[in-house]
Amino acid sequence: MATIAAERLSFTRLPHPAPANAEARAAVLANPGFGSHFTDHMIVIEWSEGRGWHDAVIAPRGPIALDPAAAVLHYAQEIFEGLKAYRQADGSIALFRPEANASRFNSSAQRLAMPELPEEIFVEAVKQLVAADQDWFPTVEGGSLYLRPFMIATEAFLGVRPAKEYKFIVIASPAGNYFKSGAPAVSIWVSQYTRAAPGGTGAAKCGGNYAASLVPTAEAFARGHDQVLFLDAAEHKWIEELGGMNLYFVFADGSLITPPLTGTILPGITRDSLMALARDEGLEVREERYSLDQWRADAQSGKLVECFACGTAAVVTPVGKVCDENNEFVIGSGGPGQLTGKLKARLVAIQRGEAPDPHGWVLKL
Ligand code: PLP
Ligand code: COI
């Protein structure tokens, strides 16, 4: 197999000895949950110093062999993305803003000293996997095919420096609701732990950020909450983001605030999309620091009427309740708010091809 030039892609399709049988697949697709079922195939592309990106395959999904000294296993040189493919109203399949994920993947690669992947290869790899696994779209309401592109450092070397060999892999997972509880609004635990500090890796989508979030997340679950909220590292005062989602605050005057992208939070593609949709509606959206104390005061005074979390996996999810060691407060009625519902409906209609796509976000296969 030859080195891949971005403009001359060639993916070799390896035969699958035993794809899932139709009955087992149908059972999964009727009730996929999130993240525990996988499709038949995966994409793998190799990178090495000197050769660059080469050997792209569509392979049967399965274990990958790694040397026990592979750098990813020791120094966590790993980045990933998350995006979805949607079955459209007309039966076709489309991806939502894959170029935005490709671009963020390269920002993460830069931060983790990894090779960048040409955006067209990223998008083509995702398209090839969706085409190979197009029988894996959930039949459940709100279902989609979640794509997880990632890159790992595979070089066997224990010195601490950027590795000289990597694998880019894409796997796919039929997805339903992210939150198991199925509650109309989620409950948030405000963590004492810090997720990211200025100058750190908070804006990169690297596995290490999530490893560091697991203790606070487990703490949130143990206390009966659905997600953990992180405050800023310096003052422990300003709202940053949830473990896997960005946040929006909706005020009684119809305006919205979302925390600014200062390098410590993930620049969410759903966050960006909702900002555009809210502005399309004529609403004022400010990217502005907002403190936990102000949030509590505004929720109690009625100045703040809604709050929602947003991300690829969670889509748009209302936040009903917020708790920390000392306080607990409810937002609005504690259930889904009106504007939250409206923005979610607008976003989902575009993603599913049920409404016009004025921003050119939908990429049909
Ligand atoms: N913040 C974190 C920490 C995330 O893991 C995610 C999910 O990817 C998001 C925010 C939302 O990003 P996006 O809307 O691009 O999925
Ligand atoms: C996503 O929404 O794609 C994420 O990566 C978040 C994760 C919590 C599943």
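This is a short tour of the structure, stop by stop.

**Before you start**

The model is predicted: local features need pLDDT of at least 70, side-chain atom pairs count only at pLDDT 80 or more, and totals for chains, interfaces and linings use all residues. Residues are numbered from 1 along each chain as its sequence is written, chains are lettered from A and ligands numbered from 1 in the order in which they are written, and side-chain values use heavy atoms, without hydrogens and water.

**Stop 1: the whole chain**

You will find nine helices and 18 strands. Both are DSSP runs, numbered from the N terminus: helices are H or I with at least four residues, strands are E with at least two. The radius of gyration is 21 Å, close to the 21 Å of the globule rule for 365 residues, so the chain is as compact as a globular protein of that length. That radius is taken over C-alpha atoms, and the rule is 2.2 Å times the number of residues to the power 0.38.

Switch to the C-alpha trace. Along its principal axes it spans about 65 × 50 × 35 Å.

**Stop 2: surface and interior**

Of the 365 residues, 52% count as buried. Buried means under 20% relative accessible area, exposed over 50%, and partly exposed in between (1.4 Å probe, protein chains only).

**Stop 3: the cysteines**

Select the cysteines. How many disulfides does the structure hold? It holds zero. A disulfide here is a pair of cysteine sulfur atoms within 2.5 Å.

Zoom in on Cys206. Its sulfur lies 20 Å from the closest cysteine sulfur, in Cys310, which is too far for a bond. Cys206 is buried, at 4% relative accessibility.

**Stop 4: Leu363**

Select Leu363. This residue sits in strand E18, residues 362-364. Leu363 is partly exposed, at 22% relative accessibility.

Which residues does Leu363 touch, leaving aside neighbours within four places in sequence? They are Ile93, Ala94, Leu95, Pro98, Glu99, Val123 and Lys127. Contact means heavy atoms within 4.5 Å.

Leu363 and Ile93 are 270 residues apart in sequence, yet 8.6 Å apart in space, C-alpha to C-alpha.
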